[in-house]
Amino acid sequence: MLAPARPVTRRVKLAVAAAGISSFALLYAPQPVLPQLAAQYQLDPGSASLAVSVATGALAIAVLPIAALSEIVGRRPIIVASVTLSVVLGLLMPFAPSYPVLLALRALQGIAIAGFPGVASAYLVEQLGKTGVAAAVGAMIAGNTVGGMVGRLSTGFSAEALGWHGALAVVAGVALVCSAITVLSLPAGVRPSGSGLRLRDVLTGVGTALRRPVLLVQYGVALLAMGAFVAMYNAAGFRLTGELGLSPAVASLVFLAYAVGSVSSSNAGRMVARFGRPRAVLGGLAVMAAGILLTLPDSLPLVVLGFVVLTGGFFAAHAVANGWAAAEAPEGARGQASGMYTLAYYLGSSVGGTVGSVVFGRFGWSWLVGAAVVWLALAGAAVAGLRARTARRVVPA
């Protein structure tokens, strides 16, 4: 594939960055106001965390069918529909009359959001070529990181003045602007080779995406690392506003740690070039574990530092693993492999985030820290095993 013209490259990066800001601002907007939701509806931390987990769980379920659909209709229509519908649902959410209705809207929003992360990596490979995918995916994840930070900070700072209803409306307004930028600037995608694709071909691609060990390991990293990451952030608000006595607005400043994640993810290409993919992922996981352990003492500076380190390590590991999966996916199963990675990623967010919140609510912060570190150790063991297996295969007899 020829290198794309530079103006087209800039348009692609602008469009996916804006889509990432919109999607991730909406997806995690309720996270800073989980304590307020718990107080209003008399919920424990595990039940309140469903405001996040329902959306990410619905996203995980929907992402693979949507990724398969993109092989037929193309990537661009899926991304445009995703950012448009998710904003419409975001504008409706402040008017939810009850918690069950809020959860239903969040589930629909998760399905709508699934279109962007489910096909974005495959879209970037088609637009920019395999050689630039690590840097391109890193730039995309940097945009996602900014979106997550902007959404959380907007919610946290406006919640005291406007309540959680008004705070969610503020985030929806930000997402509306970003989605408009995406729709206007996103270049037309490569015409899908599967215009006459049959269901059997789609299922064959899914089977291929599930047979390659290198891809399975990346799905495992996404599942376990994301589970640990979201579990820590879901419980952060409860600890900062409860045990450490901060106001919701001040507690939301912890999400400024996402700025570090933006830097680490955007440097994923350099990390891969210097250390190779396995060592880069293992390093990111180790940094995550170190950050989690730093949050153990009841010291606000150490807790904040721990979240900064955790966030930097997570987005580095995620960017490398995501790019690794996109580069190793066969052409006929590129959409399915991207969908499987995203499914694992958001399944980790949904299940890990809820399980971690329950562990925190019942047993406390130290047990949550222990569970998260164990999950990261399992992910690291899978990467180390793949690295050892690959090394044995290349050694001559």
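Methionine 340 is buried in this predicted model, with a relative accessible area of 12%. Beyond residues up to four places away in sequence, methionine 340 touches Leu64, Ala209, Leu210 and Tyr219.

**The overall picture**

- The secondary structure here is 17 helices and zero strands.
- The protein has 397 residues, and 57% of them count as buried.
- Among contacts with a separation of 6 or more, 85% join residues 24 or more positions apart.

- Glutamine 218 belongs to helix H10, residues 213-243.
- Because its relative accessible area is 0%, under the 20% cut-off, glutamine 218 counts as buried.
- Neighbours within four places in sequence aside, glutamine 218 is in contact with Ala321, Trp324, Ala325, Tyr341 and Leu386.
- Over in helix H1 (residues 6-27) you'll find serine 23.
- Serine 23 also comes out as buried, at a relative accessible area of 0%.
- Its contacts, again leaving out neighbours within four places in sequence, are Val83, Ile113 and Phe116.

- Glutamine 42 is in the loop that runs between helix H2 (34-41) and helix H3 (45-48).
- With a relative accessibility of 74%, glutamine 42 is over the 50% cut-off and so counts as exposed.
- What is the phi of glutamine 42? It is near 55 degrees, a positive value in a residue other than glycine.
- For background, most residues other than glycine have a negative phi.

**Helix H6, end to end**

- Helix H6 takes in residues 99-113, 15 residues in total.
- At 1.5 Å a residue H6 should span 21 Å, and its end C-alpha atoms are 21 Å apart, so the two agree.
- Which residues of H6 are buried? They are Tyr99, Leu102, Leu103, Leu105, Arg106, Gln109, Gly110, Ala112 and Ile113.
- One of these, Ile113, is also on the contact list of serine 23.
- A handy reminder when reading such a list: an α-helix has 3.6 residues a turn, so residues three or four places apart point the same way.

**H4 and its two partners**

- Two packed helices are described by the angle between their axes and the distance between the axes.
- Helix H4 (residues 50-73) and helix H7 (residues 115-128) have axes that come within 8 Å and cross at roughly 45 degrees.
- That angle makes H4 oblique to H7, and the crossing is right-handed.
- On the H4 side the contact uses Leu59, Val63, Ile66, Ala67 and Ser70, while H7 supplies Gly115, Pro117, Gly118 and Val119.
- Sorted by type, the residues of the H4 and H7 contact are six nonpolar, three polar and no charged.
- H4 also packs with helix H5 (residues 75-92), where the axes come within 7 Å and cross at roughly 130 degrees.
- H4 is therefore oblique to H5.
- Here H4 brings Ile66, Ala67, Leu69, Ser70, Glu71 and Val73, and H5 brings Arg75, Pro77 and Ile78.
- The residues of this contact divide into six nonpolar, one polar and two charged.
- Ile66, Ala67 and Ser70 of H4 turn up in the contact with H7 and in the contact with H5.

**H13 against H14**

- The axes of helix H13 (residues 268-275) and helix H14 (residues 277-294) come within 7 Å, crossing at roughly 120 degrees.
- At that angle, H13 is oblique to H14.
- Is the crossing of H13 and H14 left-handed or right-handed? It is right-handed.
- Met271, Val272 and Phe275 of H13 meet Arg277, Arg279 and Ala280 of H14.
- By type, the residues in this contact are four nonpolar, no polar and two charged.

Technical notes. Residues numbered from 1 in each chain as written. Predicted model: local features only at pLDDT ≥ 70, side-chain atom pairs only at ≥ 80, totals over all residues. Heavy atoms only, no water. Helix = DSSP H or I, 4+ residues; strand = E, 2+ residues; numbered from the N terminus. Expected span 1.5 Å × (residues − 1). Buried < 20%, exposed > 50% of the residue type's maximum accessible area, 1.4 Å probe, protein only. Axes fitted to C-alpha atoms, helices over the stretch in contact; angles between N-to-C directions. Parallel < 35°, antiparallel > 145°, perpendicular 65-115°, else oblique. Left-handed = near helix turned anticlockwise from the far one by under 90°. Contact = heavy atoms within 4.5 Å. Nonpolar A, V, L, I, M, F, W, Y, C, P; charged D, E, K, R; others polar.
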